[in-house]
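Thanks for coming. Please have the sequence and the model open while I talk.

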Amino acid sequence: MHLKVKIAENETRIHTGDLDDSMATWMTLGDRRYHVRITPISHHRMNLEIDGRNHAFSVAANRDGSWVWVDGRTRLVRPAGDVAALVEASTTMRRGPRGVSAPTPATVVQILVSKGDLVEKGQEMAVVSAMKMESTLTAPAAGRVAAIHCNVGDVVSAGDMMIEIAGPEDETLDDPDNA
Amino acid sequence: MFSKILIANRGEIAVRIMRTAKEMGIGTVAVYSDADRKALHVLSADEAVYIGPSNPLESYLDADKIIDAAKVTKAQAIHPGYGFLSENAQFAEKTAANGLTFIGPKGDVMARLGDKIEARKLAQQSGVPTVPGRIVAETDEKELFEFCEQAGYPVLIKAAAGGGGKGMRVVRKPDELLSAARQASNEALGAFGNGAIFIEKYLERPRHVEIQVLADHHGNVVHLFERECSIQRRHQKIIEEAPCPVMDPELRERMGRAAVDLVRDAGYENAGTVEFLLDEDRNFYFLEVNTRLQVEHPITEAITGLDLVKLQLEIASGAKLPFKQKDLTLRGHAFECRIYAENPEENFMPAPGKIMFSQHPEGPGVRMDSGVYAGFTVPVQYDPILAKLVTSAQDRNAAIDRMIRALKETVVLGAGTSLEYMADVLNSQEFRDGNTHTGFLDEHFPGWTASHEGDDLALIGFAARRLLEARGLQTFQPEESPTDEPLPWASLDAGELAEQAGYTGAIDAFEG
């Protein structure tokens, strides 16, 4: 099995053999080679003997990535390289127009722009509050506010598109002179 | 004693109060908002009353709804916990006016101690030291120098009007004084239209040391020694310990007496905390009074063997304190780590989410007060505290080792936490040496990131799990398979990966 993954921004190529009858195999991470024997325990737990040493693992996955706990450390493992690029491309298609989306689950405290406003890159667009801490969201690019999908007081989820911005290229398409 | 109480709070503190109530045979009533329908405090209570929308103003901060809930359920007393309405004097008065007992001080006493200027005056009247300071005209050279000679350098000069850091300057030598005063005054004039300046003694590297007090309705007041809470990020405590590592019996006696005198003179009742700053020369200065149970009360319980909530309930029901000051002793050392849903690599930004899996530490000297469970989605509307981990042992070093061990046993998957950060802080030589002060984290751990040590292990775990899935999940016992949740890795389909990438992209647009 070949995998290309990252923890934070550190990419690693993983290559593994097949599991043998004793649930053991070899793995290489970059140029480091390990012998691994797996004892599955439950949906979220497994035990690995790595080069003869025992490590208890807890695992779970959500849309942030795959969470792996081992030896008191929790790491978020995410796809990297080609897979990540593919995901990025499909995301752009899915998301359509750019805009401001919620960085974490939060409550909308203030909306600082109106539909039709011209905004600059970095301009303050909205204020959200997560767990009593307020944050200001800024425009990722210049453009015109095309739509506002939330109201003050709404609870938004991580990744929810809050304010759509139509960039100059989108405007050109709408321009009748250019048609 | 009461037969039923209502807990006007949520999360770990509500659960903790209910535990003691159950031990005492007292019925428990929870209140909850929309976001907390499945919260642990609701599941832990005998009865639960819905009090409104997730916005705290329309639920946990709505005094009338909470008092109505107490009346409907025939609860006799209200425990406010910490935060929310716990330091709201009108709520305390309203509770009493409705024939219910407020588990805490009387409203008028709470109001006086809650006002910082009024509390400072009360402290001075009781002979408790406050940070020397006064308003001075910047032109009054004589008074400026007089003050500095009395208080000693360094001093802090700031605008008398407004708040925040406007015009704030630290003066370390007499020849810097006049120019600093002039500049501060000019800035104050520009910002507030008022050039008056406030000069006070500047405390370098102070420790935050607080005294726990208990006062009954019969004039008996005791203190339960001190806690040190200097380890703060964003001016909020995350690691506390008891006792303070530089305390000695003589200083403890003086600080304890100061706290007892202050609350006695103020007519205080029930549990409270008097906060002080302790400077490098072991002078202490009054900071404020917290008129409620503190988040970090379990470390006092650990070194005294007492149950503070039980004592609160006994005091509120009119009982006398069951001990005198001379009966109290402290034993061993205790630490508390607050486990928040936050990201220490991004300035401790809240990191809520659904807890997918969790495992609590166990073993000798370990206490976990948790407000969440696996499967619970941490609401975004409230304080991000998930749980408090407390360890105690015979001495400070053993309690540190135990805490590091317990932090490393703790698993929380689905929300970010500071578990690893706190383990690094506890394991640092400076911390082990007890060289703590309120700027400790800013000084020693700015821009902390998790070490890459152990990344390989996590990657091996990731790959091993993929191998198991490639084999099909027959490797798992059927009864271990979840019925209502997506499989851990299999749930990462293209759509969710896209959302994940969308989430990552959005971080670029996020400031603060």
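Before the first example, one term: two strands pair if DSSP finds at least two bridges between them. With that in hand, look at chain A of this predicted model, where A:Arg45 stands opposite A:Ser58 in β6(A). The strands concerned are β5, residues 45-50, and β6, residues 53-62, which pair in the antiparallel sense over six bridges. β5(A) and β6(A) make a hairpin with two residues between them, and A:Asp51 in that turn has a positive phi of about 45°.

Now follow the chain onward. β6(A) also pairs with β7, residues 65-70 of chain A, again antiparallel and over six bridges. Here A:Ala61 has A:Ser66 in β7(A) as its bridge partner. Two residues link β6(A) to β7(A) in a hairpin. As a general point, side chains in a regular strand alternate between the two faces of the sheet.

Next, chain B. Its secondary structure comes to 17 helices and 22 strands. The radius of gyration is 25 Å, close to the 24 Å that the globule rule gives for 512 residues, so chain B is as compact as a globular protein of that length. Along its principal axes the C-alpha trace spans about 85 × 55 × 50 Å. Of the 512 residues in chain B, 48% are buried. If we take the contacts in chain B with a separation of 6 or more, 65% of them are between residues 24 or more positions apart.

One of the bridges puts B:Lys4 with B:Gly27 in β2(B).

Is B:Leu85 buried or exposed? The cut-off for buried is 20 or more other C-beta atoms within 10 Å. B:Leu85 has 24, so it is buried. Setting aside residues up to four places away in sequence, B:Leu85 touches B:Ala8, B:Leu61, B:Ala63, B:Pro80 and B:Phe91. B:Asn9 is 76 residues from B:Leu85 along the chain, yet their C-alpha atoms are separated by 8.4 Å.

B:Phe84 is in that loop between β4 and α4 too. B:Phe84 is buried because it has 21 C-beta neighbours inside 10 Å. Its phi is near 40°, a positive value in a residue other than glycine. Most residues other than glycine have a negative phi, and most peptide bonds are trans.

A second residue of this kind is B:Phe225, with a positive phi of about 70° although it is not a glycine. B:Phe225 sits in strand β11, residues 221-233 of chain B. With 19 other C-beta atoms within 10 Å, B:Phe225 is partly exposed.

As for peptide bonds, the one joining B:Tyr153 and B:Pro154 is cis, with omega about -5°. B:Pro154 lies in the loop between α7 (141-151) and β7 (155-159) of chain B. The bond from B:Ala242 to B:Pro243 is also cis, with omega near -5°. That proline, B:Pro243, is in the loop between β12 (236-242) and α9 (249-266) of chain B.

Last topic: the cores. The largest nonpolar core has 147 residues, and B:Leu6, B:Ile78, B:Val263, B:Phe276 and B:Leu386 have the most contacts inside it. Which helix gives the most to this core? That is α16(B), with eight residues. Another core, of 23 residues, lies apart from it and includes A:Val108, A:Val145, A:Ile163 and B:Val380.

Helix α16 covers residues 455-470 of chain B and reaches 23 Å from its first C-alpha to its last, close to the 22 Å expected. Its buried residues include B:Leu457, B:Ile460, B:Phe462 and B:Leu468. Just after α16(B), B:Gly472 takes a positive phi of about 90°.

That is the end of my part.

Conventions
Residues are numbered from 1 along each chain as its sequence is written. Chains are lettered from A and ligands numbered from 1 in the order in which they are written. This is a predicted model: local features need pLDDT of at least 70, side-chain atom pairs count only at pLDDT 80 or more; totals for chains, interfaces and linings use all residues. Helices (H or I, at least four residues) and strands (E, at least two) are DSSP runs, numbered from the N terminus. The expected span of a helix is 1.5 Å times one less than its number of residues. A residue is buried if 20 or more other C-beta atoms lie within 10 Å of its own, exposed if 12 or fewer, and partly exposed in between; C-beta atoms are placed from the backbone. The radius of gyration is taken over C-alpha atoms; the globule rule is 2.2 Å times the number of residues to the power 0.38. Two residues are in contact if their C-beta atoms, placed from the backbone, lie within 7 Å. A nonpolar core is a set of buried Ala, Val, Leu, Ile, Met, Phe, Trp, Tyr and Cys residues joined through C-beta atoms within 7 Å.
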